[in-house]
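My notes follow in the order I took them.

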Amino acid sequence: MHVLVHGAGELVAILREHIDEFGVHEDGRLFRTSRGGVISIETYCEVWKAARAFALTPEQQVSPLAARLYDLRHAAVSLWLNAGVAAPDVAERAGHGVDVLLKVYAKCIDGGTEIANRRIEDALAA
């Protein structure tokens with residue numbers, strides 16, 4: 001089975017190591033219980049809560065930043081947009097049309113306001 005992954009090299013390497021060690025389920029799932037079952041949403045939420053506590057500052061932990069697992073998708077799409085990737089490209093990677101991308105996912109990730117302000121100031125100074 002071939003897995004196409006877009007992302008940072010280090011994260012891709014970790015994912016490939018996981019696949020090498022554990023393989024994938026016959027239905028394509030990467031993560032499953034020790035008996036091959038579906039991992040419950042409660043388990044994902046517990047792990048996500050612990051990961052947030054480990055990775056975020058106290059200020060970020062009380063903010064809505066990455067409060068839900070699904071927020072990772074928003075963060076990824078926002079990162080691609082903020083990095084200057086063209087909207088049609090981002091929409092294709094996310095599996096959406098540009099209209100859905102701009103309506104639902106065109107959000108700024110933490111720190112995006114500062115970047116936007118700097119870009120506006122640079123444009124005005126030019």
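For the helix check I needed one rule: the expected span of a helix is 1.5 Å times one less than its number of residues. The model is predicted.

Entry 1, helix α7. I applied the rule to α7, which covers residues 112–125 and has 14 residues. I then looked up how well α7 is covered: the count of buried residues among its 14 residues is 1, so I noted the helix as hardly covered, with buried meaning under 20% relative accessible area.

I listed 7 helices and 0 strands for the protein chain. Read from the N terminus, the order of elements is α-α-α-α-α-α-α. Of the 126 residues, 15% count as buried. I put the accessible surface at about 9600 Å², with 60% of it belonging to carbon and sulfur atoms. Among contacts between residues at least 6 apart in sequence, I noted that 31% join residues at least 24 apart.

Where does arginine 29 lie? I placed it in the loop between α1 (9–22) and α2 (41–55). Its relative accessible area is 22%, so arginine 29 is partly exposed, the class between 20% and 50%. Setting aside neighbours within four places in sequence, I found arginine 29 in contact with Val24, Gly36, Gly37 and Val38. For glycine 36, the backbone oxygen lies 3.1 Å from a polar atom of the arginine 29 side chain. I also recorded a polar contact of 2.9 Å between the side chains of arginine 29 and aspartate 27.

Terms used
Residues numbered from 1 in each chain as written. Predicted model: local features only at pLDDT ≥ 70, side-chain atom pairs only at ≥ 80, totals over all residues. Heavy atoms only, no water. Helix = DSSP H or I, 4+ residues; strand = E, 2+ residues; numbered from the N terminus. Buried < 20%, exposed > 50% of the residue type's maximum accessible area, 1.4 Å probe, protein only. Contact = heavy atoms within 4.5 Å. Areas by Shrake-Rupley, 256 points an atom, 1.4 Å probe, with all protein chains shown as cover. Polar contact = N/O pair within 3.5 Å; in protein donor to acceptor, adjacent residues only side chain to side chain.
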